Every structure is written in C-alpha cells, then in structure tokens.
Amino acid sequence: MGLLMKWAIVGAAVVGIGFWIAEGVERQNVRDCLEQSSRQYGIKRNHSVYLTDVIDVEVYQSYGDGTATRFVKYLIQGSPDLQSTTCRW
C-alpha cells in the first residue's frame with residue numbers, strides 16, 4: 001500500500017505541474033494578444049504590462065489551422081473591474 005500511495009503522490013504532482021505550465025502558457029497567450037491589440041488598434045493600451053490574472057478563456061470559434069477565437073476575461077493592476085476582449089491564437 002505504501003508504493004501505491006507514492007505513485008498517487010507522484011501522479012498528483014505531475015498533474016499539478018501540467019496545470020501550472022498550461023496556465024502560464026495561457027497567460028502568455030493573453031498577454032501577447034493584448035500587446036498586439038495595443039500596437040494594431042491602440043486599444044487595451046498597456047493591459048499586457050499590467051495584466052494580473054486571467055479569469056476565463058472561452059473558445060468562441062475554432063478554425064482549421066488549429067487557432068481559435070476566444071473570449072477572454074482578465075484583471076489588470078490598479079482596477080477592480082473585470083476586463084474582456086477577444087483574442088485569436
């Protein structure tokens with residue numbers, strides 16, 4: 001039973017690390033999207049710099065090239081208001 005417990009702990013650690021990495025990748029995708037929107041359209045200015053938390057990412061439409069348009073909700077430093085935008089990655 002001790003070996004089974006060790007495998008369970010190792011498995012949980014691997015899953016946890018996987019979620020941590022996925023969250024970091026998602027946060028970077030949102031940050032890149034906000035930076036691109038700022039450069040192209042002058043909107044969401046500096047939100048990529050002051051992004052503190054990604055609250056929700058919801059796929060709106062998927063495309064054949066593996067990308068998708070996503071609705072993104074996030075928080076920025078210094079504002080209690082929930083921000084939102086659409087991104088494609």
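Guide: Happy to. The link of Cys-33 and Cys-87 is left-handed, with -95 degrees about the S-S bond. Its S to S distance is 2.0 Å, where a disulfide is a pair of cysteine sulfur atoms within 2.5 Å. A search of the whole structure finds one disulfide. Cys-33 lies in helix H1 and Cys-87 in strand E3, so the pair ties together parts that are 54 residues apart in sequence. Helices (H or I, at least four residues) and strands (E, at least two) are DSSP runs, numbered from the N terminus.

A word on the ground rules before going further. This is a predicted model, in which local features need pLDDT of at least 70 and side-chain atom pairs count only at pLDDT 80 or more, while totals for chains, interfaces and linings use all residues. Residues are numbered from 1 along each chain as its sequence is written, and side-chain values use heavy atoms, with hydrogens and water left out.

As for confidence, pLDDT is the predictor's confidence in each residue, from 0 to 100. The chain has a mean pLDDT of 79, and 75% of its residues reach 70 or more. Among the elements of the chain, E2 has the highest mean pLDDT (92) and H1 the lowest (69).

Back to the cysteines: Cys-33 and Cys-87 are buried; that word means under 20% relative accessible area, with exposed over 50% and partly exposed in between (1.4 Å probe, protein chains only). Cys-33 and Cys-87 also belong to the largest nonpolar core, which has nine residues, among them Val-30, Leu-34, Leu-51, Val-54, Val-72, Tyr-74 and Ile-76. A nonpolar core here is a set of buried Ala, Val, Leu, Ile, Met, Phe, Trp, Tyr and Cys residues joined through side-chain atoms within 4.5 Å. H1, E1 and E2 each supply at least two residues of this core.

Val-49 is found in helix H2 (residues 47–50) and is exposed, with a relative accessible area of 55%.

Now the strands. E1 and E2 pair in the antiparallel sense over nine bridges; two strands pair if DSSP finds at least two bridges between them. Val-59 has Arg-70 in E2 as its bridge partner. The hairpin of E1 and E2 has five residues between the strands, and in it Gly-66 takes a positive phi near 95 degrees.

Finally, the charged contacts. A salt bridge is a side-chain nitrogen of Lys or Arg within 4 Å of a carboxyl oxygen of Asp or Glu, and by this rule the count comes to two. In one, Asp-53 meets Arg-27, with the closest N and O atoms 3.7 Å apart. That pair links distant parts of the chain, as Asp-53 is in strand E1 (residues 51–62) and Arg-27 in helix H1 (residues 2–41), 26 residues apart. Asp-53 is partly exposed at 30% relative accessibility, and Arg-27 is partly exposed at 23%. Arg-88 forms a salt bridge with Asp-65, the closest N and O atoms being 3.8 Å apart. Here Arg-88 is in strand E3 (residues 83–88) and Asp-65 in the loop between E1 and strand E2 (68–76), 23 residues apart. Arg-88 is partly exposed at 48% relative accessibility, whereas Asp-65 is exposed, with a relative accessible area of 56%.
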